[in-house]
Amino acid sequence: MKSVVLAVALLFPSVALAVEAVEVNARDHSCEELAQIIRKDKAVFVRMGFGGRSFRYPPARCNLGDKYDTARVRDANGKLCLLDYECVYDPQSFYNRIPK
């Protein structure tokens, strides 16, 4: 019983700190609304057509092997938005060059 309590106590902080990504359709919001949603929800997956991109705010929360970049997204009005919170694959990263 003590080991179960200890396991729950050790796992609780990691579960509490995990951020669930919110899914948003870029064509449903304006540029200002998209930026506001990303800042408010901290982790957002923005749908753009068939695919999408992941955004995190603040940008320091990207995964290992990713880099920060500026993304160009079309909003509901067809306007081009520049969002600087995108996490993208970085082929030059040490973590991505480890042979498998």
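Q: Thanks! Are C31 and C81 buried or exposed?
A: Both are buried. Keep in mind as we go that this is a predicted model.

Q: What joins C31 to C81?
A: A disulfide does, with the two sulfurs 1.8 Å apart. The structure holds one disulfide.

Q: Which parts does that pair tie together?
A: C31 sits in helix α2 and C81 in strand β5, so the link connects parts that are 50 residues apart in sequence.

Q: And which hand does the link have?
A: The link of C31 and C81 is left-handed, with -85 degrees about the S-S bond.

Q: Switching topic: how many residues are in the largest nonpolar core?
A: The largest nonpolar core has 15 residues, and those with the most contacts inside it are L34, I38, V44, F55, V73 and L83. At least two core residues come from each of α2, β2, β4 and β5.

Q: Which element gives the largest share?
A: That would be α2, with five residues.

Q: What does V73 touch?
A: Leaving out residues up to four places away in sequence, V73 touches A26, L34, M48, F55, K79, L80, C81 and L83.

Q: Now D90. Where is it?
A: D90 is in the segment after β5. D90 is buried yet has no salt bridge.

Q: How far away is the nearest side chain of opposite charge?
A: That is K67, 4.6 Å away.

Q: What does the side chain of D90 reach, then?
A: The backbone nitrogen of Q92, at 3.1 Å. Beyond four places away in sequence, D90 also touches G65, D66, K67 and N96.

Key:
Residues numbered from 1 in each chain as written. Predicted model: local features only at pLDDT ≥ 70, side-chain atom pairs only at ≥ 80, totals over all residues. Heavy atoms only, no water. Core = buried A, V, L, I, M, F, W, Y, C linked by side-chain atoms within 4.5 Å. Buried < 20%, exposed > 50% of the residue type's maximum accessible area, 1.4 Å probe, protein only. Helix = DSSP H or I, 4+ residues; strand = E, 2+ residues; numbered from the N terminus. Contact = heavy atoms within 4.5 Å. Lys, Arg positive; Asp, Glu negative; His and termini not counted. Salt bridge = Lys/Arg side-chain N within 4 Å of Asp/Glu carboxyl O. Polar contact = N/O pair within 3.5 Å; in protein donor to acceptor, adjacent residues only side chain to side chain. Disulfide = S-S within 2.5 Å.
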